[in-house]
Amino acid sequence: MEDQKQILFLGAGSMAEAILSGLLSNTQTTADRIHVINLKNTERIRRLEEKYRVLSPRNKREAIHNADTVILAMKPNDMGSALQQWGSCFSSGQCVISVAAGISTRFIEERIPARTAVIRAMPNTSSMVGASATALCRGQDADDSDLQEAIRIFSSIGTTVVVEEKDMDAVTGLSGSGPAYIYYLVEALEQAGISAGLTPPVARRLTLQTLMGAARMLAETGEEPAELRRKVTSPGGTTMAGLETLAQHHFQESLILAVQRARQRSKELGSTFASPAAR
Ligand SMILES: NC(=O)C1=CN([C@@H]2O[C@H](COP(=O)(O)OP(=O)(O)OC[C@H]3O[C@@H](n4cnc5c(N)ncnc54)[C@H](O)[C@@H]3O)[C@@H](O)[C@H]2O)C=CC1
Ligand SMILES: O=C(O)[C@@H]1CCC=N1
């Protein structure tokens, strides 16, 4: 049965937890079909075992070999050593999915047995509440069924889009890092409210509801953001005054530059770890 594939997480940090909790809550995958392996933090593994009833295999190499899907969920700078440690246990019938920022499918393919399917995914931390925006792309040996399995997994923690690998750095800069930009915006709005005399709880409540209301308007009305913005903005009114100040301080340009810089950083991470010295 499709949902009863054996899924193994190599790297059991926060992203692994978000994905496995989504799988358990929103698909038919059961905890006995999920294995978790971490580098050293046994306390962390114990917590995941207790909370989700997932399993930490005794024979790690065998478990990796027997898994249908292996999810690589370690930090990008640990990927090279992890694949050196475990890469020979992989097998060509498997689907290997990496969530590591900047690491190419090629980098992984070169370190595991030939013709093993590799999918690269870029989720975001909203996966913790089932609201990730995840982009997926396939490596040279991944076929439609591998992609479908990845879509199944990441649909359990939010929405998915399939892109070409050349676009993964852009995705990382936009939706991978994106939640942080939004939180930064929320911090600023709250701070502005407090500076203007509101209590912190009132500033927070108004800011959060404004954020969620605007997000729902975008999602549910289907109207263009510029049109929704226009509807808030009365000629000569308060919003116009506020927006003019944002424009004077290069609000849009700042965000565009932030996404561009994060995209560039994703490329840098990729080339750093793909360099011969890092192998
Ligand atoms: N935090 C975010 O917003 C996002 C993170 N990512 C990516 O997700 C990946 C994981 O991030 P987090 O979960 O935040 O990291 P984390 O640090 O919480 O977890 C990584 C885990 O990998 C384990 N690990 C390291 N080397 C290992 C090895 N050789 N064998 C087995 N386990 C090993 C570590 O012990 C650690 O528990 C990163 O590559 C990151 O780029 C992707 C999308 C969004
Ligand atoms: O900051 C990072 O490198 C990771 C990748 C995307 C979000 N967090």
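Helix α4 provides the largest share of the shell around ligand 1, five residues, where helices (H or I, at least four residues) and strands (E, at least two) are DSSP runs numbered from the N terminus. The model is a predicted one, in which local features need pLDDT of at least 70 and side-chain atom pairs count only at pLDDT 80 or more, while totals for chains, interfaces and linings use all residues. Residues are numbered from 1 along each chain as its sequence is written, and chains are lettered from A and ligands numbered from 1 in the order in which they are written.

The shell around ligand 1 holds 28 residues, and the closest are G11, G13, M15, A82 and A100; a residue is near a molecule if its C-beta atom, placed from the backbone, lies within 6 Å of it. Helices α1 and α4, the latter spanning 76-86, each supply at least two residues of this shell. By residue class, the shell around ligand 1 divides into 15 nonpolar, ten polar and three charged, with Ala, Val, Leu, Ile, Met, Phe, Trp, Tyr, Cys and Pro counted as nonpolar, Asp, Glu, Lys and Arg as charged, and the others, Gly among them, as polar.

G13 is found in the loop between β1 (7-10) and α1, and G13 counts as partly exposed because it has 15 C-beta neighbours inside 10 Å; a residue is buried if 20 or more other C-beta atoms lie within 10 Å of its own, exposed if 12 or fewer, and partly exposed in between, with C-beta atoms placed from the backbone. M15, by contrast, lies in helix α1 and counts as buried because 24 C-beta neighbours fall inside 10 Å. Leaving aside neighbours within four places in sequence, M15 is in contact with A73, V99 and P123, contact meaning that the C-beta atoms of two residues, placed from the backbone, lie within 7 Å.

A UniProt record, an unreviewed entry, places the feature "binding site" at L10, G11, A12, G13, S14, M15, A73, M74, K75 and P76. Although these positions are spread over 67 residues of sequence, they cluster in space, with a largest C-alpha distance of 14.1 Å. UniProt positions are given in the numbering used here, feature names are shortened, and annotations may be inferred rather than shown by experiment.

With neighbours within four places in sequence left aside, L72 is in contact with L10, G11, M79, V96, I97, S98, V99 and A100.

Taken as a whole, the protein chain contains twelve helices and seven strands, and its C-alpha atoms fill a box of roughly 70 × 40 × 35 Å, taken along the principal axes. Of its 279 residues, 34% count as buried, and among contacts between residues at least 6 apart in sequence, 66% join residues at least 24 apart. The chain is divided into domain 1 (2-165) and domain 2 (178-263), with bounds that come from an automatic or database domain assignment, and the C-alpha centres of the two domains lie 35 Å apart.

For "domain: Pyrroline-5-carboxylate reductase dimerisation", UniProt (unreviewed entry) lists residues 165-269. Over residues 165-269 the chain is 83% helix and 0% strand, and the end C-alpha atoms are 15 Å apart. D167 lies in the loop between β7 (158-162) and α7 (168-176), and D167 counts as partly exposed because it has 15 C-beta neighbours inside 10 Å. D167 and A196 are 29 residues apart in sequence and 42 Å apart in space, C-alpha to C-alpha. Ligand 2 is surrounded by A101, T172, G176 and S177, a shell that divides into one nonpolar, three polar and no charged residues.

Two loop residues remain to be described. R53, in the loop between α2 (42-52) and α3 (60-66), has a positive phi of about 65 degrees although it is not a glycine, and R53 is exposed, with 12 other C-beta atoms within 10 Å. R115, in the loop between α5 (105-109) and β5 (117-122), has a positive phi of about 70 degrees although it is not a glycine, and R115 is exposed, with 11 other C-beta atoms within 10 Å.
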